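Please look over the sequence and the model before reading on. The report that follows takes one region at a time.

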Amino acid sequence: MILLSSAAAGMDRHYRYQRFVYDLTRRHYLLGRDTLIGGLVPPDGGSVLEIGCGTARNLIHAARRYPDVRLFGIDISAAMLETAGKHVAAAGLAGRIRLAQDDATTFDTEATFGIGRFDRIFISYALSMIPGWHDVLDRAAGGLAPQGSLHVVDFGRCEGLPRLARSALYAWLGWFSVTPRQDLGGVVQATAARHDLDAFFTPLYRGYAAYAVLTRR
Ligand SMILES: C[S@@+](CC[C@H](N)C(=O)[O-])C[C@H]1O[C@@H](n2cnc3c(N)ncnc32)[C@H](O)[C@@H]1O
C-alpha cells in the first residue's frame, strides 16, 4: 500500500494539470489507439478491462463501439481517475464503465470489481510509463478468460523513421517520463509462451508505434 501511495503520488503530480488538456493534445501522437479498439471485437455480454485507463478516452470509445459489453478501467492516479469519472458521466456511460484505483503491476480485479477474468484486456501507452512493465503484461495475460485476448499499443522502435526523428522523439518523451520499450516484441513473445497464448506483434506507422495481440488458444 505504501508503494501504491508513492507511485500514485508521482503520477498525480505528473498529471495534475496535464489531465485537463490530455485528450486534446494526445490525439495527435498516441497513434494506434483506435486500431487497438477496432481490433478488440469482444463477445456480446463480455467484459473489457483497460489497464492504465487515464482519462477514460479509450473506454468511452470502446463502449460506444461495442454497446453490449461491460467495461472496467484501473489507473494508479487518483487525479486521472477523477477526470475519467467526469468524462464517463458526461458521456452517459456511468452504468457501463466502472473505474478503480489500482497498481498495474499488482492489480487484483477480483477485489476491486469482483471479476477475476476478462474477455478482453488492453493496455494503451501505459507500459512505457511503468518501470515494472514485464509484471503488468504477466498479470494481464493471467487475467484472460477462455478465448480471451490481451491487446497492447505503445511507442515503438521507430525503425522506419530517420535516426534524427527517433532521437528527437525519444528525448521529448523523456520529458514526460516515457521510455519506449525496445524489447516489447520479445517480452510479448515470452509472456505468450509462459501463458500458452498465441502472439501477434507488428510495428505501426514505420515503427512509431508497436501493436500486439496475445490470444488464449
Ligand atoms: C500515457 S497515459 C495513457 C492513458 C490511456 N491508456 C490512453 O491511451 O490515453 C498512462 C496512464 O498510465 C497510468 N499509470 C502509470 N503507472 C501506472 C501503474 N503503475 N498502474 C496503473 N496505472 C499507471 C497513468 O496514471 C496514466 O493514466
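With which side chain does the side chain of histidine 151 make a polar contact? The partner is the side chain of serine 149, at 2.7 Å. The model discussed here is a predicted one, and what follows should be read with that in mind.

## Histidine 151 and its strand

Histidine 151 belongs to strand β5, which covers residues 144–155. Its relative accessibility is 2%, and because buried means under 20% relative accessible area, histidine 151 counts as buried.

## The ligand and its surroundings

The ligand sits in the largest pocket of the model. There are 21 residues around the ligand, and those that come nearest are Glu50, Gly52, Asp75, Ala104 and Ser124.

Several contacts can be described atom by atom. A nitrogen atom of the ligand lies 2.7 Å from an N or O atom in the side chain of glutamate 50, while in the case of glycine 52 a backbone N or O atom is found 2.7 Å from a nitrogen atom of the ligand.

## Aspartate 75

Aspartate 75, one of the residues that come nearest to the ligand, is found in strand β2, made up of residues 70–75. With a relative accessible area of 11%, aspartate 75 is buried.

The side chain of aspartate 75 also reaches backbone atoms of the protein. A polar atom of this side chain lies 3.3 Å from the backbone nitrogen of cysteine 53, and the side chain reaches the backbone nitrogen of glycine 54 at 2.8 Å.

## Helix α4 and leucine 59

Leucine 59 has its place in helix α4, which runs over residues 57–65. At 0% relative accessibility, leucine 59 counts as buried. Although leucine 59 and phenylalanine 72 are 13 residues apart in sequence, their C-alpha atoms are 7.8 Å apart in space.

## Helix α5

At the start of α5, a side-chain oxygen of serine 77 comes to within 3.3 Å of the backbone nitrogen of alanine 79, and just after α5, glycine 92 takes a positive phi of about 70°.

## Two tyrosines with positive phi

Tyrosine 125 is not a glycine, and yet its phi is positive, at about 50°. This tyrosine has its place in the loop between β4 (118–124) and α7 (133–142). Its relative accessible area is 7%, so tyrosine 125 is buried.

Tyrosine 205 likewise has a positive phi, near 50°, in a residue other than glycine. The loop that holds tyrosine 205 lies between β6 (197–204) and β7 (209–216). Is tyrosine 205 buried or partly exposed? Its relative accessibility is 46%, and so tyrosine 205 counts as partly exposed.

Conventions:
Residues numbered from 1 in each chain as written. Predicted model: local features only at pLDDT ≥ 70, side-chain atom pairs only at ≥ 80, totals over all residues. Heavy atoms only, no water. Polar contact = N/O pair within 3.5 Å; in protein donor to acceptor, adjacent residues only side chain to side chain. Helix = DSSP H or I, 4+ residues; strand = E, 2+ residues; numbered from the N terminus. Near = heavy atom within 4 Å. 1 Å grid on protein atoms, 1.4 Å probe; cavity = no way out; pocket = protein on both sides within 12 Å on 5 of 7 lines; lining within 4 Å. Sits in = over half its atoms within 2 Å of the grid points. Buried < 20%, exposed > 50% of the residue type's maximum accessible area, 1.4 Å probe, protein only.
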